[in-house]
Amino acid sequence: MKGKFITFEGGEGSGKSTQLRLLAEYLENNYQIPCVQTKEPGGTDVGIEIRRLLVEGDKDKMDAIAEALMYYADRRIHLTKKIWPALEGGKWVLSDRFADSTMAYQYYGYNKRVDKKILDGFYDLVVGEGRGPDLTLIFDIDPEIGLARSRAKAGQMEFAELRHESRELEFHTNLRKGYIEIAKENPNRYIVLDANKTIEELHEEVVKVIKERLEL
Ligand code: TMP
């Protein structure tokens with residue numbers, strides 16, 4: 001792939017979306033790198049329909065396997081229609097969430113009730129070896145602070161996106177620990193950032209990490 005693929009991960013209200021936008025602007029302004037800003041679920045037209053099914057309604061309307069399949073269907077369309085073509089064209093792709101969200105939410109969040117091998121199998125089928133992110137930034141935040149931020153924003157959202165936020169605090173605490181576990185498995189690809197900082201401080205850290213890891 002000619003471009004770089006960077007993913008932004010974290011719990012609710014971690015500020016990752018703002019950091020994604022700031023990094024894209026920074027790369028475009030300082031290095032003239034064309035960036036595609038995208039997200040999961042909902043990075044394509046079909047994905048927007050899938051997103052609606054996933055984020056609204058009762059939290060128990062689907063189990064973790066059904067959810068994971070839908071996230072992976074969205075991901076496959078996202079990769080084939082948007083991410084891979086952009087990378088082949090030399091653009092950098094910055095995605096607000098990717099496969100680590102499925103591991104964090106559908107595996108760790110649900111307290112490991114799903115067989116991890118199933119999710120690893122979905123990854124191999126949909127993404128495949130060497131076709132995933134070059135770098136993943138994990139924005140770590142206390143779930144109580146993140147949820148409060150996220151709920152304050154919910155009124156401005158297009159759909160009633162409260163399905164995940166309505167889960168109990170334990171889910172979000174598991175999720176946070178899950179991200180830390182995921183990061184430990186491959187320190188070369190993951191960076192955990194303390195998201196309890198100001199937007200400007202966090203942006204500076206993101207820029208520093210990107211310069212170091214991607215040798216800009
Ligand atoms: P967002 O609020 O960051 O846009 O993400 C939408 C919700 O979907 C969020 O609560 C996290 C959740 N999610 C999963 O549970 N599994 C996944 O694979 C992805 C991509 C998102």
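α3 and α4 each supply at least two residues of the shell around the ligand, and α4 gives the most, with 4 residues. Keep in mind as you look around that this is a predicted model.

**Around the ligand**

- The ligand has 13 residues around it, and those that come nearest are Glu12, Arg51, Arg97, Thr102 and Gln106.
- Glu12 places a polar side-chain atom 2.7 Å from an oxygen atom of the ligand.
- For Arg97, an N or O atom of the side chain is 2.6 Å from a ligand oxygen atom.
- Gln106 has a side-chain N or O atom 2.9 Å from a nitrogen atom of the ligand.
- On its own the ligand has 480 Å² of accessible area, and the protein covers 93% of that.

**Ser14 and its loop**

- You will find Ser14 in the loop between β1 (5-10) and α1 (16-31).
- Its relative accessible area is 2%, so Ser14 counts as buried, the cut-off being under 20%.
- The Ser14 side chain reaches the backbone oxygen of Gly11 at 3.3 Å.
- Beyond its neighbours within four places in sequence, Ser14 is in contact with Phe139, Ile141, Arg149 and Ala195.

**Helix α1**

- With 16 residues, α1 reaches 21 Å from its first C-alpha to its last, close to the 22 Å expected at 1.5 Å a residue.
- Buried residues in α1 include Lys16 and Gln19, along with Leu20, Leu22, Leu23, Ala24, Tyr26 and Leu27.
- Just after α1 comes Gln32, which takes a positive phi of about 55°.

**The nonpolar cores**

- In soluble globular proteins, nonpolar side chains tend to be buried together.
- Here the largest nonpolar core has 31 residues, and the members touching the most others are Leu79, Ile83, Val93, Phe98, Leu119, Tyr179 and Ile182.
- Two or more residues of this core come from each of α3 (64-88), α4 (99-109), α5 (116-126) and α7 (169-185).
- The largest share of this core is that of α3, with 8 residues.
- Leaving out residues up to four places away in sequence, Phe98 touches Phe5, Thr7, Glu9, Glu40, Arg75, Leu79, Ile83, Val127 and Pro133.

Technical notes
Residues are numbered from 1 along each chain as its sequence is written. This is a predicted model: local features need pLDDT of at least 70, side-chain atom pairs count only at pLDDT 80 or more; totals for chains, interfaces and linings use all residues. Side-chain values use heavy atoms; hydrogens and water are left out. Buried means under 20% relative accessible area, exposed over 50%, partly exposed in between (1.4 Å probe, protein chains only). A polar contact is a pair of N or O atoms within 3.5 Å; within protein, one must be able to donate a hydrogen and the other to accept it, and residues adjacent in sequence count only if both atoms are side-chain atoms. Contact means heavy atoms within 4.5 Å. The expected span of a helix is 1.5 Å times one less than its number of residues. A nonpolar core is a set of buried Ala, Val, Leu, Ile, Met, Phe, Trp, Tyr and Cys residues joined through side-chain atoms within 4.5 Å. A residue is near a molecule or strand if one of its heavy atoms lies within 4 Å of it. Accessible areas come from the Shrake-Rupley method with a 1.4 Å probe; for residues, only the protein chains shown count as cover.
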